[in-house]
Amino acid sequence: MAQLEPRSRRGPRLFQVLLLPLLFHFFQGRDFCAAKAGGPARQSQYRTWRSTPPVQRAALPILGDTLQLLNGKTMSSYQVDGRRKFGNVWKTSVLFKKAVIITGAAELAEAMKQESRPNATKAFFPPHHQRLFGTQSLLMQSGPPHRKLRRLVQAAMIPKAVSSYVETINEGVSEFLEKCKSQDGPFSMVEMLRTATVTTMLKILFGRQASASEIKNLIEDVSTWSDGLLSAPLTFLPWSNAARAMRARARVAKIIQGWIQSCAEGDGTLLSRLVFTEDEDGARLTKEEIVDNVFTLVFAATDTTASSLSSSFLALSRHPDLQQQLREVCSEEDMETVDRNLDAFLSEVLRTSPPAPFAMRLVEEDLEVSKVPVPAGWLMVYGFAGTLLCDAERYPQPKEFLWNRTFSDGQGQSLDEAAFGGGPRMCPGRFLAAQVAKTVLREVLGPGGFRWELEPGQDLSQRYTPGLFPVDGLQVVLKK
Ligand code: HEM
Ligand SMILES: *[C@@H]1O[C@H](CO)[C@@H](O)[C@H](O)[C@H]1NC(C)=O
Ligand SMILES: *[C@@H]1O[C@H](CO)[C@@H](O)[C@H](O)[C@H]1NC(C)=O
């Protein structure tokens, strides 16, 4: 708690993040009490806890690690410190459940392989997130229904689909460039990137059906909706953020439903792909599934992509020689070389500033990871940040920013996908994210781009809010 920084602009939001686990506990109350009161649930949990051989285990005042794991300032340092103190895999308690934190590329691969068993794990989110995303969201579904839903949603984001969005992406990026260039004084690059990524995502989704004023209203409602995710789940108080978020959700849902009716097959929008895609059994997504997953996509796409770009600008500011080198690549080389170089650079940005630092699963069938048993009923936390930032086997000299490490890492790909997770829930939006991020970088660093300077005196340390962004919003001024 003492970590909270009062002068941080994001103070109130961080505080809400801290509050979340407490409220979650409150709303989970019945479960928790049932386990305490005895009965079969308690017995089996007790047994498995006792039969687990001792592993290095974080000292737990129950709340301690919850706060560190979920606090935007310590989210990744918690994993780094834990890995140093306890090894690759350790036990603790998160959100009032026993939990195993897993770091290390090999360990994550082992865990994700077991997750591929159909009913091995379940998605784990607080109830008010279930209401905000909707029960048909990919994030909320688990097991065989998740696989089925995912095949349909994913079809709108495979590389072939992404290549059909290129024109929309290019337009969005040109708008971003023009807007940056028209600024007279210093501005927040983070705000600029957030607006650009959400606008571009909405245009990819809805295309020309959405007028400029509709997009503007949508952005406002989406922002109100996402504030609800980090707020106390007080939907029964009409003036609370949570209730405002649910009302914003209802407004957006109504608009989307109208567009589902009116959109035409092959009109090039992501929405049309969601509406008309069929799986091998000829099944299509229902209206409800489409609405819930449109919210999920906007949420999953926007902050993460904006964060990877904000971290890219920061890295380029800190490494002027590299910036110059990439500028030369972007103005002289053929597309393929540009792409390969930007893939490599983006990989290192995602590695050193992972936008999604961890993911959680509720274990449903006993598992074992790195010889550590993970019994049913426990949480399994995938420590992406702890892996990316300090697995020296996978990333030699992990503390160094080596922008072209994928060229020689033996994986044979210029884009390292580890920051996008893995296994049956690996980010299906990674191709779209990479396309958007690389287009911004190519245009900014290319001949029609711009140069910038960081405003002096700002706090450049990064916090999860929930994407990873510099505290003061990365204030820049363009060099004329
Ligand atoms: C740099 C940008 C991005 C990063 C680093 C990122 C990272 C991740 C990670 C680590 C996961 C896995 C979470 C888990 O294991 O539970 C994930 C899931 C997901 N991502 Fe992304 N993501 C990015 C961009 C996007 C974009 C652009 C979209 C959509 C167009 C997207 C859509 C999703 C969805 C729908 C899921 C849930 C998949 C499921 O549960 O089956 N992401 N993302
Ligand atoms: C997984 O769970 C579902 C629903 O509980 C069940 O119908 C299905 O048979 C299970 N699959 C396996 C392989 O256990
Ligand atoms: C990576 O980049 C550095 C400096 O930018 C350069 O010296 C080195 O040769 C590059 N390595 C590879 C494998 O391209």
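Start with the contacts: in this predicted model, 72% of the protein chain's contacts with a separation of 6 or more come from residues 24 or more positions apart. The chain runs to 480 residues, and 42% of them count as buried. In secondary structure, that chain has 19 helices and 12 strands.

**Confidence**
- The average pLDDT for the protein chain is 88, with 87% of the residues scoring at least 70.

**Helix α17**
- Helix α17 covers residues 335-352, which makes 18 residues.
- From first C-alpha to last, α17 reaches 26 Å, close to the 26 Å expected at 1.5 Å a residue.
- Buried residues in α17 include Val-338, Asn-341 and Leu-342.
- Further along α17, Ala-344, Phe-345, Leu-346, Ser-347, Glu-348, Val-349, Leu-350, Arg-351 and Thr-352 are buried as well.
- The cover over those buried α17 residues includes α15 (287-318), α16 (320-332), α18 (384-390) and α19 (430-445).

**Ligand 3**
- Around ligand 3 you'll find Gln-325, Asn-404, Phe-407 and Ser-408.
- By type, that shell around ligand 3 splits into one nonpolar residue, three polar and no charged.

Definitions and conventions: Residues are numbered from 1 along each chain as its sequence is written. Chains are lettered from A and ligands numbered from 1 in the order in which they are written. This is a predicted model: local features need pLDDT of at least 70, side-chain atom pairs count only at pLDDT 80 or more; totals for chains, interfaces and linings use all residues. A residue is near a molecule or strand if its C-beta atom, placed from the backbone, lies within 6 Å of it. Ala, Val, Leu, Ile, Met, Phe, Trp, Tyr, Cys and Pro count as nonpolar, Asp, Glu, Lys and Arg as charged, and the others, Gly among them, as polar. Helices (H or I, at least four residues) and strands (E, at least two) are DSSP runs, numbered from the N terminus. A residue is buried if 20 or more other C-beta atoms lie within 10 Å of its own, exposed if 12 or fewer, and partly exposed in between; C-beta atoms are placed from the backbone. Two residues are in contact if their C-beta atoms, placed from the backbone, lie within 7 Å. The expected span of a helix is 1.5 Å times one less than its number of residues. pLDDT is the predictor's confidence in each residue, from 0 to 100.
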